Amino acid sequence: MEAMWLVCVAAAVVAWGFLWVWDSSERVKSREQGERLGAESRTLLAIAHPDDEAMFFAPTVLGLARLRHWVYLLCFSAGNYYNQGETRKKELLQSCDVLGIPLSSVMIIDNRDFPDDPGVQWDTEHVASVLLQHIEVNGINLVVTFDAGGVSGHSNHIALYAAVRALPSEGKLPKGCSVLTLQSVNVLRKYISLLDLPLSRLHTQDVLFVLNSKEVAQAKRAMSCHRSQLLWFRRLYILFSRYMRINSLSFL
């Protein structure tokens, strides 16, 4: 029994050491890749619901902060699917404050055109028009949003991807403005947290942001601001999801 206990301890130490090495190396790579984005740029994070910014994009937001990007946030709905819209808007502002996004740079759209409803398909042209307006008004250099899988497969997430894809294909994206999309992964990779680092390194095409321990705690504080959404399965998500620590992104 004692020998088995020693083996378990040794294995835990080796695993911790392995993960620490990966964590350090990946943060270096994150900086190197992130430098491709330039410093002090103006970035627009386009999300569908309050809590998307913390649940899926916290590593990107905090990684961009390292590069001194000025981050604007455009949320296309108030998250009113369960009639909690007013509460969720307040929670979003609290989360943005924790993540370092100036509240003056946060815009929440709350109208019938973009309902929080996975059964409703948002109009691509309308979404693209709203995005373009915010890009032009704020002099945006970089747009960040979901990819075609929408991370969770939510139709509202996917609608944002369809809109950002339509802008350059129609020649409407301003010159000098780039688009980064957050890579969706399979369910297994989604819930193995730091253990996904080797695969993230292999499969990331353009930019990889990895949070250090201090930043992970900051991301968790931001997610904890969404108290109305903290059901038991989301608490497990905070503990195990790679998206609370790692973001792999690709240029459109």
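Let me start with Phe 76. Leaving aside its neighbours within four places in sequence, Phe 76 is in contact with Ile 47, Ala 48, Ile 109, Phe 114, Trp 122, Val 127, Val 130, Leu 131 and Leu 160. Contact here means heavy atoms within 4.5 Å.

Before going on, a word on the source. This is a predicted model, where local features need pLDDT of at least 70 and side-chain atom pairs count only at pLDDT 80 or more, while totals for chains, interfaces and linings use all residues. Residues are numbered from 1 along each chain as its sequence is written, and side-chain values use heavy atoms, with hydrogens and water left out.

Back to Phe 76. Together with Leu 73 and Leu 131, Phe 76 has the most contacts inside the largest nonpolar core, which has 66 residues. A nonpolar core is a set of buried Ala, Val, Leu, Ile, Met, Phe, Trp, Tyr and Cys residues joined through side-chain atoms within 4.5 Å. Buried means under 20% relative accessible area, exposed means over 50%, and partly exposed is in between, with a 1.4 Å probe and protein chains only. Helix α5 gives the largest share of this core, six residues. Another core lies apart from it and has five residues, among them Leu 194, Leu 197, Val 210 and Ile 246.

Now the chain as a whole. Its secondary structure comes to eleven helices and seven strands. Helices (H or I, at least four residues) and strands (E, at least two) are DSSP runs, numbered from the N terminus. Of the 252 residues, 52% count as buried. Among contacts between residues at least 6 apart in sequence, 84% join residues at least 24 apart.

Next, helix pairs. How do α5 and α7 pack? Helix α5, residues 124–138, and helix α7, residues 155–169, pack at an angle of about 65°, with their axes 8 Å apart. Axes are lines fitted to C-alpha atoms, for helices over the stretch in contact, and angles run from 0 to 180 degrees between N-to-C directions. The two helices are therefore roughly perpendicular to each other. Angles under 35 degrees count as roughly parallel, over 145 as roughly antiparallel, 65 to 115 as roughly perpendicular and the rest as oblique. On the α5 side the contact includes Val 127 and Leu 131, and on the α7 side it includes Leu 160 and Val 164. By class, the residues of this contact are twelve nonpolar, one polar and no charged. Ala, Val, Leu, Ile, Met, Phe, Trp, Tyr, Cys and Pro count as nonpolar, Asp, Glu, Lys and Arg as charged, and the others, Gly among them, as polar.

Helix α10 is next. Helix α4 (residues 85–99) and helix α10 (residues 213–224) pack at about 165°, with axes 8 Å apart. That makes α4 roughly antiparallel to α10. Ser 95, Val 98 and Leu 99 of α4 make the contact with Gln 218, Arg 221 and Ala 222 of α10. Those residues divide into three nonpolar, two polar and one charged.

Helix α3, residues 58–66, also packs with α10, at about 125° and with axes 10 Å apart. These two are therefore oblique to each other. Here Ala 58, Leu 62 and Arg 66 in α3 meet Glu 215, Gln 218 and Ala 219 in α10.

Last, is Arg 189 buried or exposed? Arg 189 is in helix α8, residues 187–190, and is buried, with a relative accessible area of 13%. Leaving aside neighbours within four places in sequence, Arg 189 is in contact with Asp 196, Leu 199, Ser 200, His 203 and Arg 242.
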